[in-house]
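Dear colleague,

I am passing on the structure we spoke about, together with some notes on what came out of going through it. Please look at it alongside the text below.

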Amino acid sequence: MRYPPAFVLKRLILLLMIVWTAATLNFFIPKLTPRNPLREKLLEDASRGGYIPPGFNEMVQGYEKKFGLDQPVWKQYLTYMGDMARFDLGYSISNFPKTVGELIGEAIPWTIGLLTVTTALAFLIGTLLGALIAWSRSPSWLNYLVAPLLTLSAIPFYLLALILIYFVAFQWKLLPLGGGYSFGIVPSFSAAFIFDVMKHAILPALSIILASTGGWAIGMRGMMVTVQGEDYMTFAEAKGLKPRRLFFRYAVRNALLPQVTGLALSLSFIVSGSVLVELVFGFPGIGTLLARSVGQLDYFLIYGIVFIIIVAIGVAMFIMDMIYPLLDPRISYE
Amino acid sequence: MNDNGYVLRVENLDVQYHTDAGTVYANSQVSFNLKPGERLGLVGESGSGKSTLALAILGMIKPPGRIGGGEIWLENTDLVKLPEEAIRQVRGRQVSMIPQGAMNSLNPVARIKDQLIDGMIDHELGLSRSEMNRMVREALEAVELDPQVAQMYPHELSGGMKQRACIAIAIAMNPKVIIADEPTSALDVVTQRQVMQTIGHLQAQLGSAVILIGHDMGLMAQFVDRIAVMYAGKLVELGSVKDTFTHPMHPYTQMLISSLPRLENKGTFNGIPGITPLLREIPTDCVFNSRCPQAIPICMQRVPKLLEHRPNQWAACHLYQSEEN
Amino acid sequence: MDRLQGVLRYIRRNPALGAGIGILLFLILFSVIGSFITNPQDAYPLAAPASKPPSAEFIFGTDGQGRDLFAVAVAGTWLTIRIGLIAGVIGVTIGTVLGFTSAFYGGWFDIVVRWVVDVLLTVPGLLVLIVIASSLGDKAVDINGMALIIAMLAWMGPTRTIRSQVLSMRERPYVMMARLNGMSGLSIIFRELIPNLLPYLGASLVGSTNGAIFASIGLAALGLGPLRDPTLGVTIYWVMNQGAFVRGMWWWAAVPISIIVLIFVMLFLISAGLDELANPRVRRTV
């Protein structure tokens with residue numbers, strides 16, 4: 001297909017810059033405070049007379065050797081960047097000897113599953129709904145959907161999650177209150193387990209879908225209004241095309257382009273929102289892991305999660321940037 | 001019902017737009033007819049109702065617009081009474097349009113070929129893929145475009161090529177009537193001329209009638225057989241090009257003709273003072289009376305009817321009507 | 001009087017703006033009148049009997065730690081809007097300066113600004129704030145400090161908007177005319193550009209205030225930042241942390257949620273209304 005090298009190169013550089021920024025922020029922000037997470041943890045455990053896992057002291061010493069104050073900052077920075085480049089995110093303080101990578105690896109499939117399904121559904125439903133509302137041949141009652149959609153789009157995901165929990169899970173007891181699967185069920189690829197997972201995922205998914213469908217619908221509605229005023233719509237109608245084709249091949253097809261750009265741009269917003277949704281439901285994804293690591297002051301885990309999420313968003317944006325020229329033949333000539 | 005011999009007959013057509021700011025009568029009592037193969041020029045200032053008339057013939061007047069009355073006969077069918085699905089079948093196949101804004105008239109995300117074929121598919125011509133591909137090739141050849149253009153996207157074409165592609169789409173199904181709405185207004189003069197030649201050539205070949213909408217009187221003089229002049233939603237004069245140019249009857253037409261630049265009066269520029277009013281109510285007097293230098297008392301009292309004052313030359317003006325009253 | 005009538009007539013044509021301003025006035029009235037009839041101390045723990053449902057004495061009820069939720073609502077509404085406004089104003093100010101400079105002088109500066117904005121807009125602000133807030137710990141920052149931290153990530157959106165608007169306005173006929181008439185750069189900015197940019201500046205302010213409030217509530221819900229102050233986000237944190245639902249205390253959650261929803265709907269309506277004001281033809285939203 002048409003991929004001018006300049007276009008690909010620019011996007012690749014953007015991706016690298018995003019990853020580099022994420023890593024750099026993770027390196028420097030903690031340096032701004034005088035706190036030393038590892039010493040704090042050791043002191044805290046020691047003061048409680050608590051149990052220190054075997055190897056923890058060695059890990060701390062290794063870490064301090066690597067990033068210790070005796071090293072100049074630039075050297076520490078380079079070492080750190082080297083680790084990041086190899087996705088070596090270090091050990092989790094609170095779950096030693098598990099590494100940050102392992103913990104993220106356990107949580108991330110849940111998040112990816114939840115996010116891709118909900119984002120895709122919300123995008124499809126919202127876009128189609130918005131297109132139908134704006135379409136001049138649609139029944140006029142569809143306009144009554146605008147106000148509720150607007151309201152939904154203004155509410156943060158996690159508030160909707162709280163409302164849903166209260167009514168659906170707590171009051172009516174239709175679905176479980178939270179978690180990824182029921183206690184006592186062993187994860188496996190059995191029908192019972194999958195059904196159980198689905199049951200737990202409905203509410204988190206529903207809160208993300210409900211809250212983001214409105215935004216897509218409102219955006220699409222605006223674009224459809226603009227597109228319907230274009231000359232090519234008039235000419236297409238004068239060709240005697242069937243309304244169905246006018247709708248999908250001409251109006252929706254063109255109005256979709258800014259929606260796709262919008263999807264790429266709102267990825268970071270969606271991720272932020274869903275981190276909090278996971279927290280509300282205790283869904284075993286990366287958001288809940290992040291909340292737990294914040295609670296346990298497990299700094300390496302916090303930084304690792306933030307880094308991985310930002311890299312994931314960067315990669316997702318890069319992929320979408322590469323898909324976009326397939327949708328819009330004009331892009332390669334920009 | 002139909003007077004035989006006419007391919008299109010518009011009778012007492014009224015089109016109104018109902019808006020919050022009131023009703024605008026965009027076409028009021030418009031009547032004319034068109035023989036097969038004839039070229040009719042429709043001229044008038046912006047806002048005079050030319051494009052509305054074109055949309056009405058294509059059955060594409062949409063809310064807040066409405067056809068208030070009148071008939072549009074395409075051979076033996078009254079298009080005004082046809083249900084939407086039937087008028088869709090007419091569009092593109094029997095009456096087609098060459099659009100005004102060639103720059104934006106093609107779907108930016110579809111290949112030219114697909115934009116030619118989708119019309120054929122939706123008109124259920126019962127053609128195979130290869131037959132449709134052949135028609136695409138023929139249509140492109142007819143407008144003097146390289147067959148490779150079929151695989152291209154609109155942004156890869158120049159303005160003139162885009163307009164040719166639009167013409168190819170308009171003629172692909174041998175329509176009986178082609179409405180060309182200022183087809184060359186976005187093009188430079190040289191391309192303009194080539195495109196008009198192509199339209200003329202094709203029209204003669206297919207035997208379609210053409211309604212050429214525009215305000216370029218020079219272009220009209222070269223291209224059309226008859227001229228219809230619109231003013232504020234009304235047809236004010238209708239006659240052959242020769243008659244209209246040599247002895248225009250309606251004062252508005254007279255002013256239009258005399259405003260054309262000529263070599264002998266180089267330097268002077270005769271505009272028409274005033275602007276075209278939008279009709280906000282059904283007129284009870286002549287719509288041109290406020291700008292007419294020859295207005296007489298009756299012009300303020302009655303609506304002039306479009307009448308044949310000379311053989312084949314029609315005008316809606318009290319100056320020629322006085323003897324009847 | 002005529003002016004007021006003009007405004008009212010405009011609002012009838014732009015109901016989103018009217019509704020948004022209406023909700024804003026309601027929230028302001030609520031916190032102003034509320035502050036006269038409540039004791040600020042009631043918004044802190046042990047000020048009232050714990051876990052009481054709404055009654056004549058405590059019309060919004062009390063939470064599990066003995067806060068009067070009416071006092072919490074009054075104080076929290078104001079604190080939450082204040083964080084949003086401080087961060088929003090700082091963000092828009094930085095964004096306006098950067099956007100103008102970038103669009104007007106172009107060159108390397110423009111390229112750098114554009115790249116930084118593009119990169120930072122991709123990075124979820126909430127996550128960076130989580131890193132910052134968790135590094136600082138909960139004792140180090142108060143409400144204003146929180147607002148300042150959030151403001152650090154509230155300027156990219158305004159920068160992008162202002163930059164592109166200035167770029168497009170620079171090419172418009174009236175600016176060209178002003179230039180041909182020999183107006184200087186600064187007077188073009190102040191006489192021609194700023195007045196036309198006002199709706200966009202307003203929309204940017206609403207946008208970054210919105211983002212800031214979202215971030216502040218999100219951080220608090222995660223247990224970051226000052227947990228002592230009765231903000232709406234902190235209340236949400238306690239609702240989740242103390243299992244308000246399991247204890248059947250629906251009012252505990254209903255109070256902050258309703259106010260937060262009102263705030264976000266208000267901001268959305270105002271930004272939709274300003275959008276309509278800036279591009280009357282588009283009629284995009286309500």
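How many bridges join strand β1 of chain B to β2(B), and do the two run parallel or antiparallel? Before the answer, please bear in mind that this is a predicted model. Strand β1(B), residues 8–19, is joined to β2(B) by 9 bridges, and the two strands run antiparallel. One point on this pairing is Gln16(B), whose bridge partner in β2(B) is Tyr25(B).

The two strands belong to an open sheet of 4 strands in chain B, with the order β2-β1-β4-β5 and antiparallel pairing. The edges are taken by β2 (22–34) and β5 (77–78) of chain B, and because each of these has a single partner strand, one side of each is left without a neighbour in the sheet. Helix α1 of chain B, residues 50–57, lies across β1, β2 and β4 (65–74) of that chain, and runs at about 110 degrees to β1(B).

Turning to how the chains meet, there are 2 pairs of chains that touch, and the pair with the most contacts is that of chains A and C. Chain B and chain C are joined by no contact, their closest C-alpha atoms lying 12 Å apart.

The contact between chains A and C draws on 48 residues from chain A and 41 residues from chain C. On the side of chain A that touches chain C, the elements giving two or more residues are α1 (5–31), α6 (146–154), α7 (157–171), α8 (191–228), α10 (243–281), α11 (286–295) and α12 (299–327) of chain A. Among these, α1(A) gives the most, with 10 residues. By class, the residues on this side of chain A divide into 36 nonpolar, 9 polar and 3 charged.

The contact between chains B and A takes 30 residues from chain B and 24 residues from chain A. The area buried here is about 2400 Å², of which carbon and sulfur atoms give 56%. Within chain B, the residues that lose the most area to chain A are Val109(B), Asp122(B) and His155(B), which together account for 23% of what that side buries.

Between chain B and chain A the count is 6 salt bridges, and there are 14 residue pairs in polar contact, both at pLDDT 80 or more. The side of chain B that touches chain A receives two or more residues from each of α2 (84–90), β6 (95–98), α3 (112–122) and α5 (159–171) of chain B, with α3(B) giving the most, 5 residues. This side of chain B has 13 nonpolar, 9 polar and 8 charged residues.

Over all chains, a search of the whole structure finds 25 salt bridges. In one of them, Lys62(B) pairs with Glu237(A), the closest N and O atoms being 2.6 Å apart. That pair crosses between chains, from the loop between α1 and β4 of chain B, where Lys62(B) sits, to helix α9 (residues 231–238) of chain A, which holds Glu237(A). Glu237(A) also forms a salt bridge with Arg91(B), and there the closest N and O atoms are 3.9 Å apart.

With best wishes

Key
Residues numbered from 1 in each chain as written. Chains lettered and ligands numbered in written order. Predicted model: local features only at pLDDT ≥ 70, side-chain atom pairs only at ≥ 80, totals over all residues. Heavy atoms only, no water. Contact = heavy atoms within 4.5 Å. Nonpolar A, V, L, I, M, F, W, Y, C, P; charged D, E, K, R; others polar. Pairing = 2+ DSSP bridges. Axes fitted to C-alpha atoms, helices over the stretch in contact; angles between N-to-C directions. Buried area = accessible area lost by both parts, 1.4 Å probe. Salt bridge = Lys/Arg side-chain N within 4 Å of Asp/Glu carboxyl O. Polar contact = N/O pair within 3.5 Å; in protein donor to acceptor, adjacent residues only side chain to side chain.
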